Each structure stands twice: as C-alpha cells, then as structure tokens.
Amino acid sequence: MQPRYLSGYGLVGRGLDKCVERLAGAKIAKRSVLEARGWALRDEAIAYLDHLTFPATRLVLFAVNEQWTAVLTNARDGSDFNDHQLFFGELCDARTCRVVDREPRRGTANGYRYRLGYAARIFELDGPDGENLRTIYAMDDGGRWDFPAVGDQPLVVESTFDYGARRKSDRFTSENVRAVLASLGVEPPVPEAFERADRFLLLHERMTSRRWARRIEADASTPEEQDDPARGYIERGLDWVPHMRTHASSVVVDLTKAVLLNPDHAASAEPHLRKARRRLGDEEFERLAAAAEEDLGRRGG
C-alpha cells in the first residue's frame, strides 16, 4: 500500500526548474498565493506533508525526469491534485495529470470493524488551458464500483486494457495506471522517482482570506489523528450538539459510534450523551445506541 503522501499526485509537463520559476509567488485566482519555502531533503519533505489540512495548503514538487514534475499535497484524506490541476496547467502552460492509486483502508478497533477510505484508481489528463483530454477511473463509490473512460481520443496504450472485464474493479488496475503514465513518458514511476530524488521544493498556499486560513489551521491534524477510526464520528457528533433540540438522535448515533471505536473519546462525548438521554428518554436513547452498535458491527460504520 502506498504511503498517504504518494497515494495521489499531480504531474506537470515541464521540468522542475521551469515549474519553480512559474509557480513560486504566483497567485491562484483570488484565493491564494503560492509561497516557496525553500528546498528540502526527502525526510524534511515528508515531515512537511504530515501537517494535514483540508483543503491542502502544503505542496512538494520534485523531478520525475526532464519533462515531468510531480506534485504532492498535504490533503487530509491523502495527497490529491484535484484542487490545483487547472491552475498549475495554466501557470506552467503545460499538460497536467491527476493520478490517484489508492487501496481501501479498513480495520478493526476495539472489536468493531471500520473503514477509513475506499479504493480508487483515477487518471485525468488536461491540456494547458484546463480542457480535459482523457479521464479514466475505476473507484469504489461507497460499496459500488464505477468505471468510465471519457474523452475524444483514447490513448494508444488503452487498447491493451480489459475494459470489458466482468468486474468494474478489473477494468482499470494499478498496472494500467502505470502503463498510461509510462506511455506519456512519466518514467520512472512516481514512487520510484520520489525515492531517487535528491531535492524537493516546499510550497505553501497562503490563503488570501485570513479568516479562512485560521479555520483551515484550526482543523489541521496529524496522520495519527486522521487515522483514528472514530475521528469522523466524534467530529460529526459534536457538530450536532448545538442542534440538540432537533437532532438529539444524530448526537446519540455518532457519539456512540465514536466511543465504541475509541473509548478515549468518552470524556468529551458523555456529557452530550447524557443530555441527549434526558431529551429523548431512556427507551429511545437505548434503542438508538443499540442500533448504532449493531450498524457499526455489521457494516463497519
């Protein structure tokens, strides 16, 4: 399984130094400015990306070869180029690729099954003006696989892919992703290029809105925090608390799941669960708590 910071990435069809010239100090519409934070070694680049935010605000650039530059981001759910592809293509006047090759992330915590992410294999090729030239993906969309291949001109290498496979998950595989990229001259593969690279440019996307920037930083997390299987439930449950009068049942379901998956959240959840019990009554509270536990055990949340 790829590390979080390599499970998704961007590719810009220019050499690294040319990308740096065009990106450092550039404005992204009215939303932000790209600030160069200097060159770093590999371990420093990884540490830089371990500060996770949504949307991504930290980017790392490194050379794949003389024609292609790779871009990693600190996106909370895994590195992804989706928010930057259009702007980087325009700023660098180059073709760009968005690539995601992510395995499902699931496990067991405190005896309960959980899922932190679904499998996805995505390839998007855009022209310098942002026009989509080709998109292929096979992804698990919450339990059901989707597979489209769109764009006027299929790439020659696609003729070797099994787009007629019975299972949609087999129609565009990790091997197909690597083959598409190799056909475009992206060699060595990006994970190998990352291990070989000896310099990495650190970019910071400084948001124009200070209020928005503060909100992003307030919600930042470490990889360990993000990998807490209860994180989504505790955050959502606490978001319901101000609306207890009309959404007490949602408070019960989400906070119950959070505590079941990670008892460390009990201290912050229990006062709100007691308040929800008083509002709903013992019988309804117990019914909702039991249903939450059953749902968690049966479907992994």
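The model is predicted, so local features are taken only where pLDDT is at least 70 and side-chain atom pairs only at pLDDT 80 or more, while totals for chains, interfaces and linings use all residues. Residues are numbered from 1 along each chain as its sequence is written, and side-chain values use heavy atoms, with hydrogens and water left out.

We begin with helix α10, which covers residues 266-280; helices here are DSSP runs of H or I with at least four residues, strands are runs of E with at least two, and both are numbered from the N terminus. The expected span of a helix is 1.5 Å times one less than its number of residues, so the 15 residues of α10 should span 21 Å, and this agrees with the 20 Å between its end C-alpha atoms. Its buried residues (under 20% relative accessible area, with exposed meaning over 50% and partly exposed in between, for a 1.4 Å probe and protein chains only) are A269, L273 and A276. Seen down the axis of α10, these residues fall within an arc of 60 degrees, so they line one face of the helix; the arc is that of the directions from the helix axis to the C-beta atoms. An α-helix has 3.6 residues a turn, so residues three or four places apart point the same way. On the other side of α10, A267 and R278 are exposed, and the residue that follows the helix, G281, has a positive phi, near 95 degrees.

On a 1 Å grid over the protein atoms alone, a pocket is an open set of points with protein on both sides within 12 Å along at least five of seven lines, a cavity is a set where a 1.4 Å probe fits but cannot get out, and lining residues have an atom within 4 Å of a point. The largest pocket has a volume of about 830 Å³, and of its 32 lining residues, D77, R115, L116, G117 and Y118 are the closest to its centre. Among the elements that give two or more residues to this lining are β8 (112-117) and α8 (231-240).

The second largest pocket holds about 250 Å³ of space and is lined by 16 residues, with α4 giving the most, 5 residues.

Finally, a search of the whole structure finds 1 cavity of 30 Å³ or more. The largest cavity has a volume of about 50 Å³, and its lining includes R4, Y5 and L49.

Key
Points joined across faces, edges and corners; volume = space filled by probe spheres on them.
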